[in-house]
Amino acid sequence: MNVLRVDRLCKSFGSLNVTDQVSLAIGEGERHVIIGPNGAGKTSLINQISGQIQPDSGLILLQDRDITGCSPDRISRMGVARTFQRNNLFQNLSVMDNLRLALQIRHGTPLNFFLPAAGSAALSERAASLLAKVHLPIEDTRLARQLSYGEQRQLELALALASEPALLLLDEPTSGMSPSETAQIIALISALPRALAILMIEHDMEVVFSIADRITVLYFGKVLATGTPQEIQTNDRVREVYLGLSR
Amino acid sequence: MDLFVAQLLNGLVYGMLLFLMAAGLSLIFGLMNVVNLAHGSFFMLGAFIGYSIFRSTGSFWVAFVLAPIPVIALGVVMEVVFLRRLYRRGHMDQVLLTFGFTFVFLDLVQSVWGRSVLRLPVPAALQETVQIGWGVFSAYRLSLIAFGFAVAGLLWLLLERSRIGAMVRAGVDDAAMAAGLGANIPALFGGVFGLGVALAALGGVAAAPILGVYPGMDADILIPAFIVTVSAVWVACAARSRAAC
Amino acid sequence: MGSLRGAFAGSLLIGICDTFGKAYFQTVALFLIYLTMIVVLLIRPQGLFGIKYSNVAAAPAITTRVGAVTSSTRVAELAALLALVLLPFAVGDYPRALVSEIFIYGIFAMSLDLIFGFTGLMSLGHAAFFGLGAYAVAVLGAQFGLNAWLGVIAGVGLAASGAALIGVFCVRTSGIPFLMLTLALSQLVYTVALKWRDVTGGSDGIAVAERPSFFGLDLSRSLPMYFMALIFFVLTYWGLRRLLNAPLGQAFIGLRENEQRMAAIGYRTRAYKLLSFTIAGALAGLAGGLYAIFNGFISSDAVYWTASGDVLIMTMLGGAGTLIGPAFGAAIFLLMKNVVSSHSEHWMAIIGGVFVCCVMFFPAGLWGTARGILQRAPK
């Protein structure tokens, strides 16, 4: 069973086809990387899968359930988590409060209006284990906006992991990071449980080839090629339009 | 039948007054994205200042021409000194700011003119009634309707046919792009705000013989003008999006 | 410029409808106008004016958690409470009544703060729920001889259901469209209060038939009235602080901070906004009911849109996004209105000027700014 199957997805803004008959499938535990030049429609594709944008036509199936056009919150509850290209945190809340917000929807009592949110030991434990997973200090009382850029990216990842997703969408998790920060976050992603399927947008070719089980190349909204890293590296059209440009 | 036509005429007159308000409101909102809750205050200030000028000169026409000038000055000062500093901070703070000014202006009016209802008489030349077809109409009301049409026409010419109008239209679509086209955005904002205030003040003087002059007329006129603005721009958007499809 | 043509046609249309409506269909005329606006805003809430509102969030500049309860805040609170308990014994009837009114408006302002300061939605129609609460007490008392306390309970229920109903429409939007929808819908309530004269008394108002007793104490005396208001004020403050530190309140704050992320981590954002709006409406209804008992009279002025503006000023002045701040804002506003106005004609210019300065230079409000300074000082 595929974790995610996208079938002939189309989306246009006016005369611009950002997603043009895109089909792809992600198996269980697969790490699938989407590459493509700027404007290829990578983020638009992720936004459609996670419900931020409504597709014009086509199908999106999550574990064989149709989620096409569902709202972002519904898709999230069905087991898709995502990070954003630009940090998208609760800037004025503490690191712990950020995590509690993400955790309480599944593991807490979000409608509780009386007992302190900070009082739940179970949630605090889960938050601590998430922080450990993304290598952030556990006793962190800082506000999200006081973190360094790299730490904010780590927290971004922790927020996505909090819902224990079946599918994780990562929109350029290394963007704007220094080489050492990049190495750290790639190590984090590689160390995630193998059962978790990941769909990830990435620009850095070294990162792509070190992580990917399979790669899909998007070009002007269309799928140019899809296959294993070896197949993509040796694909003539990909070399021509994409790899040729970056080398 | 007479009553029906008279009502229709009254409705048109009220509509023209609303238009003077709504045109300014929608220009300011369209260009700067500011909901100007103080727009009714400018209407009220126009009426009161017009009343005073009439009392000292005895001429409605002098009042009609001169009253908007101090009001425009107030409005431009408000835009340049206060609103302009908040463009970066978002539009909600600007809404709050303009609401704060309604207090200041209402206090100003009450302390200068008191709290009673004042009346500005209809100018002598227009006190006649005119016989058309079915009935007898007030010349003042008829000329108000004509004035409304004239203002609408002039505004249309200004926006559609002049270079400044082109800049305003570009600014409504995208301020950054308009700046790229060489528009001086601060001057444009100040100018359009001043124009909107001028229309409101003119409306205030013109309304004075009909609606009376009283503190509180600001809040009373603002809401219907608001509704017109919101509905109007919605229609414009609907038309534009049909054209795009 | 399509909107100019639209403004012209719309003005004439509304002008004529309004005039004919007033002449022939007195009672429904005003409704028609507000309904137009509401329908328009509902059909096209986001694309209004062809301008994107994505970055228009109110986002009050508040950074810390609400009353993270430490021992020093506990001590400060107990001291303040003690002072408030002792205060009425040191002063006469008039200051007692004034402070009672401040408590009641403090509840009103804190309720607006929940939706505006903590959930990030600026409402310009909050007086509608205050009015529903107040009219419930006065009208049910006059029509059915209902005890005023039952009236307060009915008022809270009425305000909550009114807020839920109005909220269903409003929470589809945010930013400026939200502001305008709340304005239009609350004006609808105002129109009912103004036009349904047989029941509400219109602009002449309606008196509360009988002042109830409060646990056997006579509320026509200023001391029991003071303690009644104080008790409700403290309960509201305490309840709201529990709420804001609890998971639900944290979710409201999350909505203010980042609605998109809240949806991405699985929250039904509209439902949470509606819940916040309903709770805020219910508390405003409570304030309205208490005000009817306190004042013994309610008229349609209390529901006019400027009354919603007044409470917005109180909230902002004290500090939107701080819990106790709006109560201070209410105190400043009412002191200006009642005390300054007896010495100077210009209380409105003063409060308007103070408010303008506050928006310009202290967007965190007086309490928010003071707290910011206090927190920075020890470090």
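**Questions on a predicted model**

Me: In which element is the place of A:I46?
Reply: The model is predicted. In chain A, the residue A:I46 sits within a helix spanning residues 42–49. That element is helix α1 of chain A.

Me: Is A:I46 buried or exposed?
Reply: A residue counts as buried if 20 or more other C-beta atoms lie within 10 Å of its own. A:I46 has 24 other C-beta atoms within 10 Å, so A:I46 is buried.

Me: Which residues does A:I46 touch, not counting residues up to four places away in sequence?
Reply: Contact here requires C-beta atoms within 7 Å. With residues up to four places away in sequence left out, the partners of A:I46 are A:R82, A:L169, A:D171 and A:I201.

Me: How far apart in space are A:I46 and A:T83, C-alpha to C-alpha?
Reply: In sequence, A:I46 and A:T83 are 37 residues apart. From C-alpha to C-alpha, their separation in space is 9.9 Å.

Me: Which element gives the largest share of the largest nonpolar core?
Reply: The largest nonpolar core has 280 residues, and A:A158 and B:A201 have the most contacts inside it. The largest share of this core is 18 residues, and these come from residues 2–32 of chain B, helix α1.

Me: Which element gives the largest share of the side of chain C that touches chain A?
Reply: The contact takes 32 residues from chain A and 23 residues from chain C. On the chain C side, α9 (222–245), α10 (247–257) and α11 (259–264) each give two or more residues. The largest share, eight residues, comes from α10(C).

Methods. Residues numbered from 1 in each chain as written. Chains lettered and ligands numbered in written order. Predicted model: local features only at pLDDT ≥ 70, side-chain atom pairs only at ≥ 80, totals over all residues. Core = buried A, V, L, I, M, F, W, Y, C linked by C-beta atoms within 7 Å. Buried ≥ 20, exposed ≤ 12 C-beta atoms within 10 Å, placed from the backbone. Helix = DSSP H or I, 4+ residues; strand = E, 2+ residues; numbered from the N terminus. Contact = placed C-beta atoms within 7 Å.
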